[in-house]
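Student: I'm new to this one and would like to zoom in on a single part. Could you pick a spot and take me through it slowly, along with whatever sits around it?

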Amino acid sequence: MDSFTEEVIRVIRSIPKGKVMTYGQISAAAGRAHGARQVSRILHSMSQKHDLPWHRVISADGKLKIQDEETRNEQLERLYEEGLELQNGRVNLEEYRYEPR
């Protein structure tokens, strides 16, 4: 596993309950400003293996991008359980965005 992948996993694990981060934000925090698509691939292929809180990762516009309806509903349910509320299908990033140090 390369160092960027390891750092992406570390950043995703650091997202606390009740907060979200965007793909681009995770990429930048992991040291690659333009690696949002790679974050998506890492999340898709390694979430289960590394028990990542995949449901806390959303798009830059606050929308949930998962196409599969069942998985999307699971993401919605998990976010609601953590206290997040969506408005017009979006997470309010001003309120719920996590900014790691």
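Tutor: Let's take the pocket, and then the pieces of chain around it. A quick word first: this is a predicted model, where local features need pLDDT of at least 70, side-chain atom pairs count only at pLDDT 80 or more, and totals for chains, interfaces and linings use all residues. Residues are numbered from 1 along each chain as its sequence is written, and side-chain values use heavy atoms, with hydrogens and water left out.

The largest pocket holds about 420 Å³ of space. On a 1 Å grid over the protein atoms alone, a pocket is an open set of points where a 1.4 Å probe fits, with protein on both sides within 12 Å along at least five of seven lines, and lining residues have an atom within 4 Å of a point. The points are joined across faces, edges and corners, and the volume is the space filled by probe spheres set on them. Of the 17 lining residues, Leu43, His44, Ser47, Trp54 and Ile66 lie nearest the centre. The lining divides into eight nonpolar, seven polar and two charged residues (Ala, Val, Leu, Ile, Met, Phe, Trp, Tyr, Cys and Pro count as nonpolar, Asp, Glu, Lys and Arg as charged, and the others, Gly among them, as polar). Helix 3, strand 2 and helix 4 each supply at least two lining residues, and helix 3 gives the largest share, with four. Helices (H or I, at least four residues) and strands (E, at least two) are DSSP runs numbered from the N terminus.

So what does helix 3 look like? Its buried residues are Val39, Ile42, Leu43 and Met46. They cover an arc of only 100 degrees around the axis, which puts them on the same side of helix 3; the arc is that of the directions from the helix axis to the C-beta atoms. Buried means under 20% relative accessible area, exposed over 50% and partly exposed in between, with a 1.4 Å probe and protein chains only. On the other side, Arg37, Arg41, His44 and Ser45 are exposed. The cover over the buried residues of helix 3 includes helix 1, helix 2 and strand 2. In helix 2 you'll find Ser27, which counts as buried at 0% relative accessibility. Among the residues Ser27 touches is Val39, contact meaning heavy atoms within 4.5 Å.

Between helix 3 and strand 2 runs a loop, and Gln48 is found there. Gln48 is exposed, with a relative accessible area of 77%. Asp51 is found in that loop too; its phi is near 50 degrees, a positive value in a residue other than glycine.

Finally, helix 4. Its buried residues are Gln75, Leu76 and Leu79. Seen down the axis, they fall within an arc of 100 degrees, so they line one face of helix 4. They pack against strand 2 and strand 3, while Glu70 and Glu81 are exposed on the other side.

Key:
Lists of a residue's contacts leave out its neighbours within four places in sequence.
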